[in-house]
Amino acid sequence: MTVRTRADLSALPSYVPGKTVTGAIKLASNEVSAGPLPSVVRAIADAATAVNRYPDTAATELVARLGDKLDVPTGQLAVGCGSVTLCQQLVQATCTEADEVVFPWRSFEAYPIITAVVGAGRSRVPLTAGHGLDLAAMAAAITPRTRLVFVCNPNNPTGTALRRAEIERFIEQVPAETLVVIDEAYKEFVDDPDVPDGVELAKAQWAAGRDNVAVLRTFSKAYGLAGLRVGYAVGSPEVAETLRKVYVPFSVNALAQAAALASLDAEDELLARCRAIVAERGRVRGELQAAGYEVPESQANFVWLPLGERTAEFNEHCLAQKVVVRAFAGDGARVTIGEPDENEAFLAAARSFAR
Ligand code: PMP
C-alpha cells in the first residue's frame, strides 16, 4: 500500500524561489542587500538566550506596537510566519472547496499555489497591456462563489501600482461577502502620493460600513528580515479573529518577534534605506530605457523587463555575468534593486545583452 495523497495536488507546481549562486550577485528575491542593523542583531541574540521556551503565540508586544503605529485596535491585527502564510490563512479563513479566489496574473506566484492547496477554485485575471492590474476585468471575474480577491499593490513582479480612486471604485463593485485583500509587501517603496496607504484606505472603508477589506504587510522587504519570516494582516475584527483561529500555534518564532520589534525601533533608519533604493530604482530604470528596454514604472524595490520569448536567454546572459535575476519563462525578468555597485553589474550585463 502506498500513502494516498490528494490527487489534485499531484499536478501542482512547487513554489520556485529565487536562486542563490555562489559568487554571484543575487537580485532575484526582492530582498534588501544590506544586512540587519546591529541593534536588530543584538535583539535577536538576546532573544536567542530564551529559545528553550515557546514564543508568545499571540505576539502580544509586536501586535501592540503595530496597533500603535497604525492606529488600529489590536483585535484587528494578526501576525503570521511571513505574509505568504497570512495569504494562505486568509484563503483558509474564507474558502472551502466550493469557493474560489480571484487574483491578477502575472502576480505573486504563491496565490495560485496556496489557493490550490486549500482546494478552492482559481480565477486568474490577465494584466493590462501596460502590465498593471486590470481591476475592471477582476470585478467582472467575481462570481457568487468568489470569497476572496487578491489585489497586489504594487504588483509583484511588474512593480506597477494602482491609484487610490481605482481601488475605491473597485471595492464598490465587490459584493460585501467577498474579501478584498490588498497585499502591500512593497508598500514602503512607494513614492507616488496617489498610491494609497492600504491601511488608511481600509479604515475609511470600515468606517463606511464595508468590512470586506484587509491589508497584508511584511517585515521581509523594507525591514530586511526575510530570513526570519514575519508579516501581519490588518482587517475587520471578524477577519482578524478567524485568522487567529486558522493560525498554526507558535509559527512566528521568538527571534522574529524580537527582530520585528527592534526594526520598528529603528524604522527611521530603515525607511531612509528604502528611499535610497527608490532613488536607485529611478536611475536603473532610466539606464535600462536608455539601453532600449521597455520598463514599466515601478513603485517597488524591483523592475520588470517584459522580454517575452527572450527571457530565458536574458537570464542565461545575466547568470554568465554573475548576476542572478528572476526569470519567468516566456514572459519577463524581474530584477531587484540592490546596492549601487550591484545595480551597476546588472546594468553592464543588460547593456551587453544582444538585442
Ligand atoms: N506578497 C507579495 C506580493 C510578495 O512578493 C511576497 C514575497 N515575495 C509576499 C507576499 C510574501 O512575503 P513574506 O512571506 O516574506 O512576508
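1. Ligand shell. In this predicted model, the ligand is surrounded by 13 residues, and the closest are G82, S83, V84, T218 and S220. Sorted by class, that shell consists of 5 nonpolar, 7 polar and 1 charged residues.

2. The annotated lysine. An unreviewed UniProt entry carries the annotation "modified residue: N6-(pyridoxal phosphate)lysine", which covers K221. In the model, K221 sits in the loop that runs between strand 7 (213-218) and strand 8 (231-234). K221 counts as buried because 27 C-beta neighbours fall inside 10 Å, the threshold for that label being 20 or more. Once residues up to four places away in sequence are set aside, K221 touches N30, V32, A185, Y186 and N301.

3. Domain arrangement. The domain assignment divides the protein chain into domain 1 (7-35 + 268-351) and domain 2 (38-265). Their C-alpha centres are 23 Å apart. The contact between them draws 26 residues from domain 1 and 28 residues from domain 2. On the side of domain 1 that touches domain 2, helix 10 (267-290), strand 9 (302-305) and strand 11 (326-328) each supply at least two residues. Helix 10 gives the most to that side, with 5 residues. The class composition of the side of domain 1 that touches domain 2 is 16 nonpolar, 4 polar and 6 charged residues.

4. Nonpolar core. The largest nonpolar core comprises 103 residues, and L90, V181, A214, A233 and A259 have the most contacts inside it. This core lies between domain 1 (7-35 + 268-351) and domain 2 (38-265), because both give residues to it. In soluble globular proteins, nonpolar side chains tend to be buried together. For L90, the contacts beyond four places in sequence are L148, L179, V181, A214, A233 and L243.

5. Annotated span. The unreviewed UniProt entry also places the annotation "domain: Aminotransferase class I/classII large" on residues 24-347. Within the model, this span is 41% helix and 17% strand, and its end C-alpha atoms lie 14 Å apart.

6. Tyr15. Y15 belongs to the segment before strand 1 (25-26). With 11 other C-beta atoms within 10 Å, Y15 is exposed, since the limit for that label is 12 or fewer. Leaving out residues up to four places away in sequence, Y15 touches E109, A110 and I113. The C-alpha atoms of Y15 and Y186 are separated by 20 Å, the two residues being 171 residues apart along the chain.

7. Cis peptide bonds. Most residues other than glycine have a negative phi, and most peptide bonds are trans. W105 and R106 are joined by a cis peptide bond with omega of about 15°; R106 is in the loop between strand 3 (100-105) and helix 4 (110-118). The peptide bond from N156 to P157 is also cis, with omega near 15°, and P157 is placed in the loop between strand 5 (146-152) and helix 6 (164-173).

8. Positive phi values. H131, a residue other than glycine, has a positive phi near 70°. H131 is in the loop between strand 4 (121-126) and helix 5 (135-141), and it is buried, with 20 other C-beta atoms within 10 Å. R229 likewise has a positive phi, near 70°. R229 lies in the loop between strand 7 and strand 8, and it is buried, with 20 other C-beta atoms within 10 Å.

Technical notes:
Residues numbered from 1 in each chain as written. Predicted model: local features only at pLDDT ≥ 70, side-chain atom pairs only at ≥ 80, totals over all residues. Near = placed C-beta within 6 Å. Nonpolar A, V, L, I, M, F, W, Y, C, P; charged D, E, K, R; others polar. UniProt positions renumbered as here; feature names shortened; annotations may be inferred. Helix = DSSP H or I, 4+ residues; strand = E, 2+ residues; numbered from the N terminus. Contact = placed C-beta atoms within 7 Å. Domains from an automatic or database assignment. Core = buried A, V, L, I, M, F, W, Y, C linked by C-beta atoms within 7 Å.
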